[in-house]
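User: I've got a model open on my screen and want to learn how to read its packing. Could you take me through it a feature at a time?

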Amino acid sequence: MNFKESEGAYAAYRGDLVLELGEIGDALGHRKPPTATIKNTIVLAEKDRIKLYVGSLDELALLPKVLDYYRADFAPDVRIILFVVNIGKPLVIEIDGLSIAAIGMQEGLIWNELIDIAALDKGDFKGQSATEKIVTVYQALTDYKPKGDKVPFDEALKRTVELKRAGRGPV
C-alpha cells in the first residue's frame, strides 16, 4: 500500500522510496527501474521536516544513499529506524551526527515490527486516518531506546552477515 497523506502540520508516506535512479534506457530519456530502493518506508514529516524515517534495506552498505537523498529534509531530532537484511544483531549506528537504530530482519512486515517496538496494538489505531496512525507510532516512540552496540558506520559494515531477503512465492 502506498500513500502520501497530509493532516494539519503532518504529512505521512508509506511505500518504497528510490535511493538510486536507473540509467537512461532510450533516446527519449526514459529511465530503467531504480537500482537501489528502501522498501516499506514509513515517513512522517512535520512542517516539511522529516521527524520519523523507518524502512527496510537489503544491505547496510546502502545507508549512505539514504542519507544522501533525505538528509537535507531530516529534522534535528529525527528518529531513524532501519530494518536491515544483512545484519545479525541490533546496532545503533553513529554517522554524520545521527544515531540510527538498525535491526536485523530478513522477512516480516515493517509496520507490524514498528508497532511492536512502540508497544502498541491494533486497537490503539481504531478510527484513525493513515497519517494519524503514523503520528500515534511516532509519539509512542518518544521513550524508545534502541538496543545494540553503539558503533560508527565503518564498524557496523564489518558486522554484516551473508543473508538475503526471504522470498515469497505463490502458496
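**Reading the packing**

Analyst: Let's start with what sits over a helix: strand E2 (10-20), strand E3 (36-46), E4, strand E5 (74-84) and helix H3 (130-140) are among the elements that cover the buried residues of H2. Covering is judged by contact, meaning heavy atoms within 4.5 Å. Helices (H or I, at least four residues) and strands (E, at least two) are DSSP runs, numbered from the N terminus. This is a predicted model, so local features need pLDDT of at least 70 and side-chain atom pairs pLDDT 80 or more, while totals for chains, interfaces and linings use all residues. Residues are numbered from 1 along each chain as its sequence is written, and side-chain values use heavy atoms, with hydrogens and water left out.

User: Which residues of H2 are buried?

Analyst: Buried means under 20% relative accessible area, exposed over 50% and partly exposed in between (1.4 Å probe, protein chains only). In H2, which runs over residues 110-117, the buried ones are Ile110, Trp111, Leu114 and Ile115. They sit on the same side of H2, because their arc around the axis is only 135 degrees, going by the directions from the helix axis to the C-beta atoms. The general idea: an α-helix has 3.6 residues a turn, so residues three or four places apart point the same way. Just after H2, look for alanine 119, with a positive phi of about 60 degrees.

User: How many helices and strands does the protein chain have?

Analyst: Four helices and eight strands. Read from the N terminus, their order is β-β-β-β-α-β-β-β-α-α-β-α. The C-alpha trace spans about 45 × 45 × 40 Å along its principal axes, and 40% of the 171 residues count as buried. Of the contacts in the protein chain with a separation of 6 or more, 59% are between residues 24 or more positions apart.

User: Is strand E7 enclosed or open, and why?

Analyst: Count its buried residues. In E7 (residues 98-104), five of the seven are buried, so the strand is largely enclosed by the rest of the structure.

User: And which strands pair with E7?

Analyst: Two strands pair if DSSP finds at least two bridges between them. E5 pairs with E7 in the parallel sense, over five bridges; one example to click on is phenylalanine 83 with its partner isoleucine 103 in E7. Strand E6 (residues 91-95) runs antiparallel to E7, and five bridges join them. Here glutamate 94 stands opposite serine 99 in E7. The hairpin of E6 and E7 has two residues between the strands, and aspartate 96 has a positive phi near 50 degrees in it.

User: Let's zoom in on one residue. What does isoleucine 81 touch?

Analyst: First find it in E5. Isoleucine 81 is buried, with a relative accessible area of 0%. Skipping neighbours within four places in sequence, its contacts are Tyr53, Val54, Gly55, Ala101, Ile103, Leu114, Leu141 and Tyr144.
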